[in-house]
Amino acid sequence: MTFFSLFNMLAFVFAGSLFGVLYLSLLMLSVQTLAKRNAVAMFILLAILRTVLLIIMLGFAVAFKIGPLALLATLAGFLMARFVLTRVNSTQKFEELLCR
């Protein structure tokens with residue numbers, strides 16, 4: 001594997017993690033809005049935003065004709081972001097329970 005291809009894979013991992021942070025933040029925000037009154041419209045709007053974000057990312061994948069390894073690198077970045085955000089969120093919830 002050359003330096004250029006390694007750099008490309010790291011760029012795809014970074015893009016996947018950025019996508020993961022955006023997507024999962026919108027998901028967390030939409031779940032938090034469900035607890036509020038009359039939040040159906042906001043929930044639907046956030047679901048549409050998540051769908052648009054996904055379509056844009058898939059559009060970039062098709063437009064740039066990235067291969068399966070690049071898709072796997074992007075998925076790895078997404079999963080890393082999911083893992084980090086899940087741990088950070090669960091730690092904050094745990095600390096809130098301890099402070100009560």
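Start by selecting Phe 64: at 61% relative accessibility this residue counts as exposed. Buried here means under 20% relative accessible area, exposed means over 50%, and partly exposed is in between, with a 1.4 Å probe and protein chains only. The model is predicted: local features need pLDDT of at least 70, side-chain atom pairs count only at pLDDT 80 or more, and totals for chains, interfaces and linings use all residues. Residues are numbered from 1 along each chain as its sequence is written, and side-chain values use heavy atoms, with hydrogens and water left out.

**The whole chain**

Zoom out and colour by secondary structure. The protein has 3 helices and 0 strands, and its elements run α-α-α from the N terminus on. Helices (H or I, at least four residues) and strands (E, at least two) are DSSP runs, numbered from the N terminus. Of the 100 residues, 20% are buried.

**Phe 60 and Phe 64**

How are the rings of Phe 60 and Phe 64 placed, stacked or tilted? Their centres are 6.0 Å apart and their planes are at 5°, so this pair is stacked. Rings of Phe, Tyr and Trp (its six-membered ring) pair if their centres lie within 6.5 Å; planes under 30 degrees apart count as stacked, over 60 as edge-to-face and the rest as tilted.

**The surface patch**

Now extend the selection to Val 40, Ile 44, Ile 48, Val 52 and Ile 56. With Phe 60 and Phe 64, these residues make a nonpolar surface patch of about 690 Å². Like charges are joined within 9 Å, and nonpolar side chains (Val, Leu, Ile, Met, Phe, Trp, Tyr) within 5 Å. Accessible areas come from the Shrake-Rupley method with a 1.4 Å probe; for residues, only the protein chains shown count as cover. Ile 56 belongs to helix H2 (residues 40-63) and is partly exposed, at 41% relative accessibility.

**The loop at Lys 65**

Step on to Lys 65, in the loop between H2 and helix H3 (68-99). Lys 65 has a positive phi of about 50° although it is not a glycine. At 72% relative accessibility, Lys 65 is exposed.

Go to helix H1 (residues 3-34), which holds both Phe 19 and Tyr 23, 4 residues apart, about one turn of the helix. Phe 19 is buried, with a relative accessible area of 12%, whereas Tyr 23 is partly exposed at 22%. The count of aromatic pairs comes to 4. One of them is the tilted pair of Phe 19 and Tyr 23, 5.7 Å centre to centre with 35° between the planes. Show Phe 78 as well: ring pairs link Phe 19, Tyr 23 and Phe 78 into a cluster. Then show Arg 50, whose charged end sits over the ring of Tyr 23, 5.9 Å from its centre. A charge sits over a ring if NZ of Lys or CZ of Arg is within 6 Å of the ring centre and within 35 degrees of the ring normal.

**The core**

Which residues form the largest nonpolar core? Select Phe 19, Leu 24, Leu 26, Leu 46, Leu 53 and Phe 78. H1 and H2 are the elements that give two or more residues to this core, and the largest share, 3 residues, comes from H1. A nonpolar core is a set of buried Ala, Val, Leu, Ile, Met, Phe, Trp, Tyr and Cys residues joined through side-chain atoms within 4.5 Å.

How values were computed. Patches are made of residues with over 30% relative accessible area and no salt bridge: like charges are joined within 9 Å, nonpolar side chains (Val, Leu, Ile, Met, Phe, Trp, Tyr) within 5 Å. A salt bridge is a side-chain nitrogen of Lys or Arg within 4 Å of a carboxyl oxygen of Asp or Glu.
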